[in-house]
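Dear colleague,

Please find the structure below, with my notes on what was found in it following directly after.

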Amino acid sequence: AALIMVFVYVFILLELIHRTLVSIFGSMVALFFFFLMRGGETESIKMIMLHQEWSTLGLLFGMMVIVGELSHTGVFEWLAVRLLVSSRGSFNRLMVLLCLLTAVASAFLDNVT
């Protein structure tokens, strides 16, 4: 499993294939090896669906939609320009402002996407 995860991360970092396709392929490979290790027996789809954390998946999906739409509006670029202007050319001040913005934004926005 760790080897599959490493390969998925490498392909995502190299951006040779879209990260969605890489993650789907990696999960399919992991499921295939899980199937082989269990001797070809699988759980029913009903049992698999009961193991899902639907509240977590719903939260992640909603946050991905919010961040995706906000990125189309240009709000992140606007914030970057505002921080740069507010720093008045001081690198140290810019780093402090970036850390503060990251801390506040991470409390409300999804970091997965």
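This is a predicted model: local features need pLDDT of at least 70, side-chain atom pairs count only at pLDDT 80 or more; totals for chains, interfaces and linings use all residues.

Residues are numbered from 1 along each chain as its sequence is written, and side-chain values use heavy atoms, with hydrogens and water left out.

With a relative accessibility of 1%, S87 counts as buried (buried means under 20% relative accessible area, exposed over 50%, and partly exposed in between, with a 1.4 Å probe and protein chains only). Leaving aside residues up to four places away in sequence, S87 touches R93, L94 and L97, contact meaning heavy atoms within 4.5 Å.

Helix α5 itself covers residues 75-87, and its 13 residues should span 18 Å at 1.5 Å a residue, which agrees with the 18 Å between its end C-alpha atoms; the expected span is 1.5 Å times one less than the number of residues. Just after α5, R88 takes a positive phi of about 50°.

The axes of α5 and helix α6 (residues 91-108) come within 8 Å and cross at roughly 145°, axes being lines fitted to C-alpha atoms, for helices over the stretch in contact, with angles running from 0 to 180 degrees between N-to-C directions. On the α5 side the contact is made by L79, L83, L84, S86 and S87, and on the α6 side by R93, L94, L97, L98 and L101. These residues divide into 7 nonpolar, 2 polar and 1 charged, where Ala, Val, Leu, Ile, Met, Phe, Trp, Tyr, Cys and Pro count as nonpolar, Asp, Glu, Lys and Arg as charged, and the others, Gly among them, as polar.

On the other contact of α5, its axis and that of helix α4 (residues 54-73) come within 5 Å and cross at roughly 65°. Here V67, L70, S71 and T73 of α4 meet V75, F76 and E77 of α5, and the residues divide into 4 nonpolar, 2 polar and 1 charged.

Finally, helix α1 (residues 2-14) has 13 residues and reaches 18 Å from its first C-alpha to its last, close to the 18 Å expected at 1.5 Å a residue. Just after α1, E15 takes a positive phi of about 55°.

Key. Helices (H or I, at least four residues) and strands (E, at least two) are DSSP runs, numbered from the N terminus.
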